[in-house]
Amino acid sequence: MRLKQGQFSYLPDLTEEEIAAQVRYAIDNGWGIGVEYTDDPHPRNDYWQMWGRPRWGLDDPQDVLTEMADCREANPHHYIAIRAYSNTRQRQGIMLDFIVHRPEHEPGFRLDRRSGPAARVDYELHSYATEKPHGERYGATRS
């Protein structure tokens, strides 16, 4: 099962041309654009590593696409996303967020169920990738 996060998550992976079109859309709206990556894509993990800093005032999508390519080369076994930020209303918010790269092997998640007092049932999402140490979660070798 493929990880589903961000806009376009239920569509096939975007092509390079489609990624460039989304970056152009963000630029045309005046949003800052950042490239981020992680080896822990848990849905509650909002804090991915930043590849450089978000870029504001861009004119050409190629600047972001070059950073994305550099991040892919340096982190081939990580998830990589493009996020566009708006600073309107004196707040920064994510306006666009989509995955542009996935590791070759995606181990997936499981749902753990626990019964508690008064017939309460709690659920927790567990990523199989987190069973390995940070930095080795999506390596080329599989167990």
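Analyst: Let us begin with strands: two strands pair if DSSP finds at least two bridges between them. Please keep in mind that this is a predicted model.

User: In which sense do strand 5 and strand 6 pair, and over how many bridges?

Analyst: Strand 5 pairs with strand 6 (residues 121-127) in the antiparallel sense, over 7 bridges. Within this pairing L111 stands opposite L125 in strand 6, and the two strands form a hairpin with 5 residues between them, where A118 in the turn has a positive phi of about 60°. F109 lies in strand 5 (residues 109-115), and although F109 and H126 are 17 residues apart in sequence, their C-alpha atoms are 5.4 Å apart in space.

User: How is a pair of aromatic rings described?

Analyst: In general, one gives the distance of the centres and the angle of the planes. A search of the whole structure finds 3 aromatic pairs, and one of them is formed by F8 and F98, which are edge-to-face, with 5.5 Å centre to centre and 70° between the planes. This pair links distant parts of the chain, since F8 is in the segment before helix 1 (16-28) and F98 is in strand 4 (residues 93-101), 90 residues apart.

User: Is F98 buried or exposed, and why?

Analyst: Buried means under 20% relative accessible area, so F98, at 1% relative accessibility, counts as buried. F8, by comparison, counts as partly exposed because its relative accessibility is 29%.

How values were computed:
Residues are numbered from 1 along each chain as its sequence is written. This is a predicted model: local features need pLDDT of at least 70, side-chain atom pairs count only at pLDDT 80 or more; totals for chains, interfaces and linings use all residues. Side-chain values use heavy atoms; hydrogens and water are left out. Helices (H or I, at least four residues) and strands (E, at least two) are DSSP runs, numbered from the N terminus. Rings of Phe, Tyr and Trp (its six-membered ring) pair if their centres lie within 6.5 Å; planes under 30 degrees apart count as stacked, over 60 as edge-to-face and the rest as tilted. Buried means under 20% relative accessible area, exposed over 50%, partly exposed in between (1.4 Å probe, protein chains only).
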